[in-house]
Amino acid sequence: MAALYEGYTLCGLVPPQNRSDSVIQGIEQERDSDHVVVTDSTRCVTLYKVSDQKPLGSWTVKQGQTLTCSAVYNLQTKEYVAVSDNKVIRVWKEEDILLDKAFKATVSSDVWRIHCVSGGEPVVMFQNGAVRLLDSLLSAPQQPIEEVLSQEETIRWSMNIVAETQQFVIFTTEQKGDHFLYLQRLNPNSLQRYRLEREEPGLSPLSFSASYRDKHISLLYLYPNGHVYQSVVSVRGLGANEGAQALLLPRCLQLDLPVGEGLLEEASAVVLDEAHVAVVGVPHPSAGAGKDFLCIWNTNFQTLQAGKEMAGKIYGQLWNFSSKLFIPHGKTLSVIPYECPTSSLAAALGKLRQTKTEESKAPASVPSWNNILHGEKAQPARTVETRKLRTTRKSQSAPCLTVDQVLELVKTASAEEVKKEVEGLLSRMNTQDLQPSVGQLASILVSRSLADPAFYALSSLAQLVHTQCLCHSVCPDLLLLALERKDYFLCQLCLQLFPDIPEAVTCACLKTFISMPDVDAEMVSLEPDSVSFMETLIARECGQDKFQNGSSGAPSEENPSDTIGGDEAATKTGAKDKTTSIQSGKICPLRLHKAVLINEVLQTAYSDTFLLPHLKDFSSQQVILFLQYLQFLYLTFSQSDFTQTHGFRSPTLTQIMDWVCLVLDAHFTVLVMTPEAKDLLLNLHSFIKSQVRLFSELGKIEGSLQELHKMKKKMKDVGQYSIEIIELI
């Protein structure tokens with residue numbers, strides 16, 4: 001049975017004033033299934049990594065210019081292509097910063113869309129229905145463009161498909177209430193025109209979606225009255241049909257969706273596979289009016305298989321890439337993973353029997369070693385139950401609560417009861433079913449903890465985070481709740497396992513860890529590997545410091561009066577030496593557990609642009625302490641005899657330097673005016689200078705290494721050995 005899993009926010013949306021339409025113009029898949037390119041309705045193109053919910057790059061046209069079609073990614077050339085002001089085609093690479101300095105060409109006719117699918121060359125489609133391959137168009141941008149469409153005929157939707165190494169462009173048009181389908185074959189060029197059957201008077205399709213299978217292209221379209229039709233066109237035997245009368249395209253009713261009172265206004269239907277369709281903007285059959293849902297319907301059996309309410313305004317837009325649905329609603333663009341298993345009547349009705357798991361097998365029979373070694377009389381074979389089997393039998397002997405019952409119970413039960421039921425639920429649920437339930441449980445527990453200061457399910461929340469089915473977008477208040485309750489172990493887990501923590505929350509964690517009292521920090525139980533790593537670092541530095549000072553723990557016997565009479569002076573000298581050692585980076589300025597927690601912050605993902613404003617909220621003393629710790633880490637990691645243990649979680653040297661640069665950028669003016677920071681700034685300047693020098697030297701030898709690589713390819717078989725002279729300069 002199809003399922004919609006817990007979604008997460010890819011990015012926020014800022015709807016312009018006095019506009020009711022969507023701010024998203026288009027979404028296209030980029031280099032792989034984890035990268036998408038989002039084009040807004042005005043001036044900006046942004047590249048996102050979906051799993052991290054982080055922007056990797058953004059490009060904007062000048063004020064006064066407008067992007068008029070969504071950007072696409074050319075996998076063959078590793079370039080992006082977009083159109084501004086209808087006629088200016090722009091081509092750029094990821095490393096380009098300014099779009100205005102990238103390649104651009106002005107064409108002679110208005111462009112409707114640019115399409116690019118994996119395995120195909122980018123295709124430019126004009127508003128008059130003409131189609132050109134991008135390379136041939138850019139070779140002569142001002143070439144005349146023929147008129148394909150009749151007067152008053154406008155394009156409503158288009159799509160590019162590669163079928164059997166042949167590239168097709170499919171598009172629909174509208175003319176005086178009639179709707180037409182065009183099928184354009186490229187190389188050799190041929191065009192076929194079909195007319196769609198009319199629906200009720202005055203009704204036009206709200207959305208189109210197409211798919212290719214079994215040498216046929218299937219077109220799916222949704223009408224405002226809830227009717228979803230499918231028309232099928234064969235890609236075989238297409239011939240030129242220009243100027244000929246349009247053929248009537250047969251259709252069959254796939255779904256008759258409930259629309260409630262009135263007609264649908266902003267809705268969309270997208271093909272997921274041969275038996276499932278995703279629909280947004282159509283009322284849920286069992287929900288009240290005024291609620292917008294995303295639903296998956298089974299077209300074979302006319303059944304609703306999954307539904308999810310979407311908060312905020314629905315714009316009737318829906319994209320599908322790699323088993324993920326992208327949907328703008330309200331002020332967010334959400335990503336919702338889904339699954340559509342093989343369609344069967346039992347699954348559609350929710351009656352499919354689950355296959356027996358390995359726990360249901362008979363327990364393993366283990367022979368007695370006494371019988372084998374000593375030939376004792378054979379006894380009946382003893383059965384050994386696995387721990388999982390015993391747990392299962394124990395749970396079977398007691399009544400097991402369903403997911404819905406557990407969700408209701410955690411709203412009122414004590415923390416101990418919650419812990420028991422959550423642990424039992426997690427132990428008996430399949431991995432595939434965990435994600436939605438874990439998100440709901442975490443949200444309920446966090447909401448209850450925020451409302452009731454006396455309640456806090458520490459163990460249950462940690463268990464839910466450990467499942468790795470949670471992220472910050474699913475439960476955004478969890479990490480802030482952990483900070484408020486001083487649950488630093490849970491904070492550490494979230495920092496380790498959440499890939500989408502916003503920069504504001506990252507800085508809130510960092511500020512809390514730096515400012516927390518040492519007593520609170522040392523009472524916390526943290527993840528053992530990260531603690532072991534810091535213990536190794538601190539013990540190593542303490543040992544080196546002792547060795548360099550040349551002192552043993554025993555007082556001098558030659559001049560005991562110095563020891564007795566000079567205690568106060570020795571204390572002052574020791575304190576002064578410790579301060580000097582901290583300033584020079586020889587001693588860690590933080591206690592063990594504070595350092596462990598800050599290490600987790602250093603390893604979180606972030607964007608410089610969004611992190612800098614929040615770093616500026618730190619006080620000068622917090623900044624100096626943080627920089628002293630980064631200095632200590634840098635000096636330790638840079639030593640020639642230091643080897644990083646692979647089994648431990650620890651920041652890298654690159655991450656440390658990135659944070660140094662970010663903090664200096666955010667607080668440089670304040671630090672320059674602070675006397676205590678003078679020596680620290682000089683030390684950090686030398687660190688950064690050495691890094692710049694290193695990369696400069698690496699850049700110098702890059703060309704030589706490339707030449708050596710080319711020569712290696714050209715080398716012929718020279719027998720057992722050869723002597724060659726290679727001149728690098």
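How many of the eight residues of strand S29 (residues 332-339) are buried? Six are, so strand S29 is largely enclosed by the rest of the structure. Buried means under 20% relative accessible area, exposed over 50%, and partly exposed in between (1.4 Å probe, protein chains only).

This is a predicted model, where local features need pLDDT of at least 70, side-chain atom pairs count only at pLDDT 80 or more, and totals for chains, interfaces and linings use all residues. Residues are numbered from 1 along each chain as its sequence is written, and side-chain values use heavy atoms, with hydrogens and water left out.

**Whole chain**

The protein chain has 729 residues, and 44% of them count as buried. Its secondary structure comes to 20 helices and 31 strands. These are DSSP runs numbered from the N terminus: helices are H or I with at least four residues, strands are E with at least two. A contact means heavy atoms within 4.5 Å. Among contacts between residues at least 6 apart in sequence, 57% join residues at least 24 apart. The chain exposes about 39,000 Å², and carbon and sulfur atoms supply 52% of that area. Accessible areas come from the Shrake-Rupley method with a 1.4 Å probe; for residues, only the protein chains shown count as cover.

Two strands pair if DSSP finds at least two bridges between them.

| Partner of S29 | Bridges | Sense | Residues standing opposite |
|---|---|---|---|
| S1 (residues 3-4) | two bridges | antiparallel | Ala3 and Glu339 |
| S2 (residues 8-12) | four bridges | antiparallel | Tyr8 and Val335 |
| S28 | six bridges | antiparallel | Ile327 and Ser334 |

S28 and S29 also form a hairpin, with two residues between them. In the turn, Gly330 has a positive phi of about 60°.

His329 lies in strand S28 (residues 324-329). Why does His329 count as buried? Because its relative accessibility is 8%. Not counting residues up to four places away in sequence, His329 touches Met310, Ala311, Lys313, Ile314, Tyr315 and Ser334. Ser334 is also the residue in S29 that stands opposite Ile327.

**The S7 to S10 sheet**

Four strands form an open sheet in the order S7-S8-S9-S10, with antiparallel pairing. Its edge strands are S7 (67-74) and S10 (103-106), and each pairs on one side only. On average, neighbouring strands of this sheet are turned by 15° against each other, direction ignored. For such angles, axes are lines fitted to C-alpha atoms, for helices over the stretch in contact, and angles run from 0 to 180 degrees between N-to-C directions. S7 and S8 (residues 79-84) pair over five bridges. One of the bridge pairs joins Asn74 to Glu79 in S8.

**Helix H18**

Helix H18 (residues 620-638) is mostly covered: 14 of its 19 residues are buried. At 1.5 Å a residue, H18 should span 27 Å. The expected span is 1.5 Å times one less than the number of residues. The end C-alpha atoms of H18 are 26 Å apart, which agrees.

**Confidence**

pLDDT is the predictor's confidence in each residue, from 0 to 100. Its mean over the protein chain is 80, and 80% of the residues reach 70 or more. Over residues 351-398 the pLDDT is below 50; beyond near neighbours in sequence, this stretch has 27 contacts in the model. Residues 545-576 are also below 50, with seven contacts beyond near neighbours in sequence. Where pLDDT is low, the predicted coordinates should not be read in detail.
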